[in-house]
Amino acid sequence: MSSSVVVSGGRELSLGELPMESWMSHLPCALWDIPLYHLAIPGSHNAITYCLDMNDRSPVDLTQPDMLQKLDKYMKPLIRPFVYKWAITQEFTIKQQLDCGIRYCDLRIAHRPNDSSTDLYFYHGVYTTLTVESVLMEIREWLDTHPREVVILSFSHFLGLNQELHMLLLTTIRKIFTSKLCPKMEALTLRNLWALGYTVIVSYEHNMASSQSDLWPHIPYWWANKCKAEALIEEFEHRKQHGRPGGFFVTGINLTEDLKYICTHPTESLKDLVMATFPTLLGWVKEQTPGSRVGSLNIIAGDFITESHFVPTVVALNEKLLKWSS
């Protein structure tokens, strides 16, 4: 079998040229029986940072260093612009990201301090204006019109949630996704998920996941904690030699800036850093291979996912699986 898909008119189409809004449903049938954790899947790091609360009354999140929290409290007009410039990792809404082909969303959940309601938000530096429930409803609406696309939602980095809020969140997830929610199962292939009508896989970074049939365990996230592309690539190459995890796992090509970097680049933003390094990082991504072998990758997540053909580059990696099966 060829590594391309033949389309009407007889022209061969690379998988990277598929309509990204529905790339899973357009994959060649040779890939329908491959487990999802052996496919190359594009993901969004800190997916819901496009709606961070710009209101100065909103506190910085409690995971930030004490120093930053104190500075923010007493020097807010000076500090806040820096926080926003480095905390925003995505500029497009969740529906737009799904339209672009994202199928893994990194969701970091928080209950705001001193909030008497049970509303939950996302956070990165500061909290979002949109609630978790409203974003999950948007995802459900999108899935209603894309019944053959499968989305992996990774709930993690819980901040300020007690047992009651966890149970409330689980109830919300089940109420919104109902029969779309995929339980833990062995044969996690597109063919099986389509037949059963499952389009949402929820992973949950909490020990309660083990006792819930519809919560998948936390998905490991390879995070290099580097602010230079070359150092990040070196770290991942080292990790690859030790083999990939058995199930889903994420390779995060998101760079991490420290306070020193931010202070020595006062006019820059995270987007400037990402755009400058995307060519190097995507050059490395193109050389990667999905599948079960040592050194293969699965979910690849990034910042500003609409830029530089990130999503088509990841989707196109699945052509390598076709070459092996031919």
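**Figure 1. Trp 222 and Phe 249, two buried rings that pair up.** Both Trp 222 and Phe 249 are buried, a word used for residues under 20% relative accessible area, with exposed meaning over 50% and partly exposed anything in between (1.4 Å probe, protein chains only). This is a predicted model, in which local features need pLDDT of at least 70 and side-chain atom pairs count only at pLDDT 80 or more, while totals for chains, interfaces and linings use all residues. Residues are numbered from 1 along each chain as its sequence is written, and side-chain values use heavy atoms, leaving out hydrogens and water.

Figure 2. A pair of aromatic rings is described by the distance of the centres and the angle of the planes. Rings of Phe, Tyr and Trp (its six-membered ring) pair if their centres lie within 6.5 Å; planes under 30 degrees apart are stacked, over 60 edge-to-face, and the rest tilted. Nine aromatic pairs are counted by this rule. The ring centres of Tyr 37 and Phe 248 are 5.9 Å apart with planes at 90°, so this pair is edge-to-face. Tyr 37 sits in the loop between β2 (12-13) and β3 (41-44), and Phe 248 in the loop between α7 (229-240) and β10 (250-252), so their pairing ties together parts 211 residues apart in sequence. Phe 248 is buried, at 8% relative accessible area. The pair of Trp 222 and Phe 249 is tilted, with 4.8 Å from centre to centre and 55° between the planes. Trp 222 belongs to strand β9 (residues 221-223) and Phe 249 to the loop between α7 and β10, so to speak two distant parts of the chain, 27 residues apart, are linked here. Helices (H or I, at least four residues) and strands (E, at least two) are DSSP runs, numbered from the N terminus. Ring pairs also join Tyr 37, Trp 216 and Phe 248 into a cluster.

**Figure 3. Two arginines over ring faces.** Arg 148 lies over the face of Trp 194, 3.8 Å from the ring centre. Arg 112 does likewise with Tyr 121, at 4.8 Å from the ring centre. A charge sits over a ring if NZ of Lys or CZ of Arg is within 6 Å of the ring centre and within 35 degrees of the ring normal.

**Figure 4. Strand β8, covered on both faces.** How many residues of strand β8 (residues 200-204) are buried? Five of its five are. In a regular strand the side chains alternate between the two faces of the sheet. Here Val 200, Val 202 and Tyr 204 are buried on one side, and Ile 201 and Ser 203 on the other. β8 pairs with strand β7 (residues 151-159) in the parallel sense over five bridges; strands pair if DSSP finds at least two bridges between them. Ile 152 stands opposite Ile 201.

**Figure 5. Ser 296 in its loop.** Ser 296 is found between α9 (270-286) and β11 (299-302). Is Ser 296 buried or exposed? At 3% relative accessibility, it counts as buried. A polar atom of its side chain lies 2.8 Å from the backbone oxygen of Gly 291. Beyond its neighbours within four places in sequence, the contacts of Ser 296 (heavy atoms within 4.5 Å) include Arg 244, Phe 249 and Pro 290.

Technical notes:
A polar contact is a pair of N or O atoms within 3.5 Å; within protein, one must be able to donate a hydrogen and the other to accept it, and residues adjacent in sequence count only if both atoms are side-chain atoms.
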